[in-house]
Amino acid sequence: MANTPSTDRRNSPRRAADWRVLFGPPGDLSLGFLADMSPIGVSILTEKHYPTGTDVEVHFGLQDDNLSGKFQMRAVVRHCAKGRIGVQFVNVDPSQRDHWWKIMRGDF
């Protein structure tokens, strides 16, 4: 899941989502909304622009009084255009993978 070549990314099932997330380079997070998610990454609706290859964090499970999410994943920007950023997760450890699968199943 962590290092799947970009040519394989469309082979992963996608699931629609409309959750608020914080994302961006560490220390410079912005609010966005998930458009969809897959086992290897997410698509975020935003007006922010980051070059392909930018390392970012994605924070899920936001609460109004917290500047961080309940769950964070490291990712890299794979595409950015038309108000949408696609990111691929990187360096996913087994506990993060288990948690992400729970989110994908709707158990979050």
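Tutor: About 6,000 Å², with 49% of it on carbon and sulfur atoms (areas are Shrake-Rupley with a 1.4 Å probe, and for residues only the protein chains shown count as cover). A bit of housekeeping: this is a predicted model, where local features need pLDDT of at least 70, side-chain atom pairs count only at pLDDT 80 or more, and totals for chains, interfaces and linings use all residues. Residues are numbered from 1 along each chain as its sequence is written, and side-chain values use heavy atoms, with hydrogens and water left out.

The layout reads β-β-β-β-β-β-β-α along the sequence, so named from DSSP runs numbered from the N terminus: helices are H or I with at least four residues, strands E with at least two. Of the 108 residues, 44% are buried (under 20% relative accessible area; over 50% is exposed, and in between is partly exposed, with a 1.4 Å probe and protein chains only).

Now the core itself. The largest one has 21 residues, and Val42, Val58, Phe60, Val87, Phe89 and Trp100 have the most contacts inside it. A nonpolar core here is a set of buried Ala, Val, Leu, Ile, Met, Phe, Trp, Tyr and Cys residues joined through side-chain atoms within 4.5 Å. The elements giving it two or more residues are β2 (20-24), β3 (30-38), β4 (41-45), β5 (55-60), β6 (71-81), β7 (84-89) and α1 (94-105). The largest share is four residues, from β6.

Ignoring neighbours within four places in sequence, Val58 is in contact (heavy atoms within 4.5 Å) with Val21, Leu22, Phe23, Ile44, Phe71, Gln72, Met73, Ala75 and Val87. Ser30, in strand β3, also contacts Val21, Leu22 and Phe23, along with Lys48 and Tyr50. Ser30 counts as buried because its relative accessible area is 12%.

Further along β3 is Asp36. Asp36 pairs with Arg84, the closest N and O atoms being 4.0 Å apart, and a search of the whole structure finds one salt bridge (a side-chain nitrogen of Lys or Arg within 4 Å of a carboxyl oxygen of Asp or Glu). The partners sit 48 residues apart, Asp36 in β3 and Arg84 in β7. At 15% Asp36 is buried, while Arg84 is partly exposed at 33%.

Leu45, in β4, is partly exposed because its relative accessibility is 38%.

How far to trust it? Mean pLDDT, the predictor's confidence per residue from 0 to 100, is 81 for the chain, with 76% of residues at 70 or more. β7 has the highest mean of the elements (95) and β1, residues 15-16, the lowest (58). Over residues 1-9 pLDDT stays under 50.
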